[in-house]
Amino acid sequence: MSTTPLERYLAEQADLAPVERFSVVHDACAVPDTGTWQDRIPLTAPAAGQQYAFAVDLDTCTGCKACVTACHNLNGLDDGESYRTVGLLKGGTPAQPFQQTVTTACHHCVDPACLNGCPTNAYEKDVFNGIVAHIEGRCLGCGYCTWTCPYEVPRFNSNRGVVRKCDMCRDRLAVGEAPACVQACPNGAITITVVDTAAVTRDAPGHTLVPTAPPSDITLPTTSYHSEWGLPGGLTAAGATLGGGGRSHDPLVAMLVLTQAAAGAMAVDLAVGHQRSTAVTALVLALVGLAISIFHLGRPERAWRALAGWRHSWLSREVGALSLFGGLAFLAVATDSAVAQAAAAVAGLVGVTCSGMLYVVTRRPSWRAAVTLPRFGLGALVGGAAVALAAGGGRPAAMVLAGGLAAKLTWEAAVVWRLDPERPPLRGTGPVPPHGLARFVLGVSAIALAVSSIGGPGAALALLAVLSGELIERSRFFSAASWTGMPGPKR
Amino acid sequence: MAVAPTSTTAMVCGFCSVGCSLDVIGKDGQAVSLTPTKDYPVNLGMACPKGWEALTPLKAPDRATTPLLRAGRDGPLEPVDWPTALEAMTTRFKAVQATYGPDAAAFISTGQIASEEMALLGAVAKFGMGMVHGDGNTRQCMATAVVAYKESFGFDAPPYTYADLEESDVIVLWGANPCIAHPILWERILRNVHHPEIVVVDPRVTETAAAATQHYPLLPKSDLTLLYGLAHLLIAWGAVDKEFIDRSTQGYEAFEAHVEAFTPERVSAATGLPPDALELMADTIASGKRVSFWWTMGVNQSHEGVRVAQAIIDLALLTGNIGRPGTGANSITGQCNAMGSRLWSNTTNLFGGRSFADAGDRADVAAILGIDPARIPDRPSWAYDQIVEGIRDGKIRALWVVATNSAHSWIHQNDMVELLGRLDVLVVQDLYPTTETAQLADIVLPAAGWGEKEGTFINSERRYGRIRRVVRAPGQALADFSIFKLVADAWGCGHLFDEWSSPEAVFGILQRLSASRPCDITGIEGYGELEAAGGIQWPCLPAAGTRVLRTTPAAAGGGPSPAGPALAPPAAAGGSPTPAGATLSQGARQQERRLYEDGRFFHADGRARFVWEEPRPVAEPTSAEYPFILLTGRGSSSQWHTQTRTSKSAILRTLYPEKPYVEISPADAAALGVSADEWVLVRSARGEMEARAYVTPTVAAGQVFVPMHYASTNRLTRPSFDPYSRQPSYKSAAVAVRRLTESRR
């Protein structure tokens, strides 16, 4: 059978047999010698009180970023995914300009904040070698660890609905092979060392891993960065890190506003004179808020695991308290019992406190206690009062709402929206954004409505204005959050 | 290990000229992943990000899978079958040639395809289709080094081997940023155990400058003055190797007279470097026992790049830093097969560094190839810029662009795009129909890429390495080799290339063409030995005692050349002049070999030439309207040129800014009222681009830097060229910068 040259070339193009001519052929179980690079890892495993750690020689890290692609390839990660990043510090003087690339992966902290915050115990710190590993099968994709880790190491993988992070290639280390990034550095800038955890703890206060990195006393990171030449002062990062995992926080905004209003309503209702309709409304808001929060989970089917970390995770505690609140609120409505409602109110307010604490413990400046707790507490007060007013709470509810909202707006003006130029801003500088003005218009309108129309449609409008204003304010809570992390690259 | 492999295939990488080897891991006949080859003498188990991601661009969804033909003049590109596309191409090219003469059809080749492929393209286009003009994108990166070496050494033969980086006690990196552009060469520098002084000459504080022991931030394009100033000091101090100069060079006295005028005062004024810095630099060179000089695009892409490169060579000759371990005046090339293009593209030079204008050379080639000498053009091709000007003048009407992206990469881009639109027919052969150039094409030919075809690349240190087919190309895409064969058949000249039946057969032809030339590779026993030896540097003669891996010598690929006597085998050379005027490295075929160890060069008298010229001003000085000097260059190790391939990798895309950016000094940013990350407009007399301001003290006041990878960068660049190499001067243009208002964004 004769073939045309074109047919022949196309057939040739599909024929990979010539590969075999020169290939080293392996039997089924053998792997090629890609090198173990044993000179870059410790000879012995860590002893008691010790653990493995990354060590980076800044003088030989010149920013080729092979470590990033090697991590991606050797670990078979998803498109665009790597557990290592390379940032850039710049500065110096016009006479002596300076730049330094900084390669970063997980710091396998002595006191890992990812682990501490995880509601499902999806993190484990190996007691023998100190490696902090993440177990994907336990992760419900809440993303809380992307906030608790001050280095923003865990990254949310939206395709898988879970967070993923570096495990120091522990399978490789276990067989005496260097981790992917370590073996791939052309300059040998990354090595594995053994460190004394007591020394890490002792040296952490007042220390940062590199300039612009978060304080080391938060999590006691074990990575060490060395430079014989030293780094000049006043360095800045070329860019920010990812910041909050790049996800929408809308479900959390709604959950916080609604559950806080509901908890507040149960309490305000008891204080200003009980209306069953207030409790009913509160129950509805609580259930809606809790339901919406599910949308923030990458793997909502695993939501049932969320209580597992209650010993250490404020998120678990929040979930527990708010769930209890929901149950007690249902009981209160079903039985119309003051005792049940009081119990619900207590559970609700505990839940609100847990909500606040889970942000406070991240130690991000914009989420510090003085900013977060008044916000959530006053939010519960004004939301609760607005619910009570709309449900027929009358003048007492109106007074609580007007007073509470006036106080909250005043506080917000000084702290959240920075109307006072003397106060240090939460983050960056700049004028009050347009939605900030909207928030105040809504707030003042709500006060006016509360004072002028004690009941009827005006009260319902006031509730709407209060909840809308709170949603705007709570969005700000996330959008203006201060992200920390290691130095980022040019963006 | 994610996958238990069934085979591992080593092949050299298809991005840059370092020529790393990658082990492509196969599973059930298909490549699934790769790791850098541990025992390859170039990269020693390492790769840069591009290398790690070399397989990813092959899987891009926008691969060309069928030929495309534009419907009408302005219609869309539509899929057609191969015979239709080839018929359209050959009919239109023949029509152009019939009307305007055979030289109205031209081609633009590339440093990105295999030597065997570019040789076939050069042969088919010139000997088969009657074209005269063809050039390569290597004009944009290597032309300067080629011309400099040819004139100074007598042949385009870089002296070095990468091991020289490990053996120097002074390493001078001139206009080179290996940390970013050639990370694996930086790896080799860090393996140097002699605590070398690392001297970086670069206007910017690059990553390499930051890692060096000495950095000289000269004013842009003051290189030539600085080099002559260094020569002036070295001569004044008597820090010259008189014995080497007397024995191995020509023109020293006149050179000495020339640099007399380059006093420290003059040089300091021109370069912006204080006189004591000049003295420190000259002293560092003078005190070095093994000084190596390395240059890259900071030198080559210049209005006087050839003279700058030759001034570097002059310094090496002056101080006797050549032909010994750890020395040399060494050009680091750009593309994976830039050197293949220098030897085998059949564009500027006739095959194997021969001359089209030389009747003897033409007869030589005709005899080796068994073709009529009349088929070989008797004049060299126009250079790239002359072909471009030929389009403007209506002399070039049909253009065949292979594996390059002219509409992105050529200098003064707006003009280039307009000119490409004037062609009667533009054929683009590429992996992707989505490149800026392919989008302008009348016919797109779908090519297989690196990893999908066979052949050899030659790296910067003259090392031949293999590429292989380990992945199936998508759809109807074909190896460039097969496409050239099909075009030849469709043209009716296929019979001339019957012997060019496969890449390996062509390798045998190239061996015959190399015989008795300085680039002689008749000693290589085909692809098999290339593979077994871990790549082989040229020259490689079939002499006794040169084999390292074979116990019984077999017949060399093509046998000895019928034309002329073979170059004397090294073992017998003993320092006496060979017909080419040079002897080559002695001894067994080591993995790392350098040239000129006997102090003999390729000129007929065996001597290297001192070459110099008075420095000239740049074509476009800054002005009140355009007060900044625009520098362009590589942005990151994760980007390759016009991003045709590297942009396909998601992980690589995370490693550099997605949007164009301009590096600007804090002082200039403050004066312009520009804060970090703000959008600015960068404007030249030719065009403008929007970019984010990256405010950094690593660029000097009065200068801005824009990476070349962004499609809008070359709207700004000014088309000026080195008069000898015709290489474009990408790193010198005058621009203005201003803040973009919110409304403009």
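Me: How many contacts beyond four places in sequence does the model have for residues 423-430 of chain A, where pLDDT stays under 50?
Reply: This is a predicted model, in which local features need pLDDT of at least 70, side-chain atom pairs count only at pLDDT 80 or more, and totals for chains, interfaces and linings use all residues. Residues are numbered from 1 along each chain as its sequence is written, while chains are lettered from A and ligands numbered from 1 in the order in which they are written. pLDDT is the predictor's confidence in each residue, from 0 to 100, and a contact means that two C-beta atoms, placed from the backbone, lie within 7 Å. For residues 423-430 of chain A, the count beyond four places in sequence is nine.

Me: What is the mean pLDDT of chain A?
Reply: In chain A, 91% of the residues reach 70 or more. The mean is 90.

Me: How many residues of chain B does the contact with chain A take?
Reply: Chain A gives 50 residues. Chain B gives 62.

Me: How many residues are charged on the side of chain A that touches chain B?
Reply: Ala, Val, Leu, Ile, Met, Phe, Trp, Tyr, Cys and Pro count as nonpolar, Asp, Glu, Lys and Arg as charged, and the others, Gly among them, as polar. This side of chain A has 24 nonpolar and 19 polar residues. Its charged residues number seven.

Me: What distance separates the centres of domain 1 and domain 2 of chain B?
Reply: Domain bounds come from an automatic or database domain assignment. Domain 1 of chain B covers 7-54, and domain 2 covers 68-141 + 337-509. Taken over C-alpha atoms, their centres are separated by 27 Å.
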